[in-house]
Amino acid sequence: QAAVAAVRVRDDARSNFVADFIWPVQGRISGRFGSARSYNGKPGTPHSGTDVAAATGTPLHAPAAGLISFANDDLYLTGGTLVLDHGHGVSSHSCT
């Protein structure tokens, strides 16, 4: 997770973030920003995103133009993880 945090500090002078963002996938909202989390019975940091449930194999779409700044297919907490940098510190994060 430290590697993900490191790429999220990028501050490129691109302006992809000014475009309208779309949902990367359609589905049931299964996790909400700010909700409480626990790991092995101990309180964790609040959820920092929105989870959308979709069937395995469902295609994902980039929510807006950007550059892939991180990709790993097997992180401990988030599984397959992709970070898309939209410029000036704005990024989106997809996990499978």
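1. What pattern does the protein follow when it is read along the sequence? The pattern is α-β-β-β-β-β-β-β, and the protein accordingly has one helix and seven strands. Here helices (H or I, at least four residues) and strands (E, at least two) are DSSP runs, numbered from the N terminus.

2. A word on the basis of these remarks. Residues are numbered from 1 along each chain as its sequence is written, and this is a predicted model, in which local features need pLDDT of at least 70 and side-chain atom pairs count only at pLDDT 80 or more, while totals for chains, interfaces and linings use all residues. Side-chain values use heavy atoms, with hydrogens and water left out.

3. On overall form, the C-alpha trace of the protein spans about 40 × 30 × 25 Å along its principal axes. The radius of gyration of the protein is 14 Å, which agrees with the value near 12 Å that a compact globule of 96 residues would have; this radius is taken over C-alpha atoms, and the globule rule is 2.2 Å times the number of residues to the power 0.38.

4. On burial and surface, buried residues make up 22% of the 96 residues in the protein, where buried means under 20% relative accessible area, exposed means over 50%, and partly exposed lies in between (1.4 Å probe, protein chains only). The accessible surface comes to about 6600 Å², and 57% of that surface belongs to carbon and sulfur atoms; the areas come from the Shrake-Rupley method with a 1.4 Å probe, and for residues only the protein chains shown count as cover.

5. The strands β5 (residues 67–75) and β6 (residues 79–87) deserve a look together, since they pair in the antiparallel sense over six bridges; two strands pair if DSSP finds at least two bridges between them. A hairpin through three residues joins β5 to β6, and Asn72 stands opposite Thr81 in β6.

6. Strand β6 also has bridges to strand β7 (residues 90–95), for six bridges join these two strands, which run antiparallel. Within this pairing, Val83 has His93 in β7 as its bridge partner.

7. Which residue takes a positive phi in the hairpin of β6 and β7? It is His88, with a phi near 50°, in a hairpin that has two residues between the strands. His88 is found in the loop between β6 and β7, and at 44% relative accessibility His88 counts as partly exposed.

8. Ala65 lies in the loop between β4 (51–53) and β5, and its relative accessible area of 48% is why Ala65 counts as partly exposed. Leaving aside neighbours within four places in sequence, Ala65 is in contact with Asn16 and His86. Ala65 and Gly87 are 22 residues apart in sequence, and their C-alpha atoms are 9.5 Å apart in space.

9. Ala19 lies in the loop between α1 (2–7) and β1 (28–31), and Ala19 is partly exposed, with a relative accessible area of 40%. From Ala19 to Val52 there are 33 residues in sequence and 21 Å in space, C-alpha to C-alpha.

Conventions: Contact means heavy atoms within 4.5 Å.
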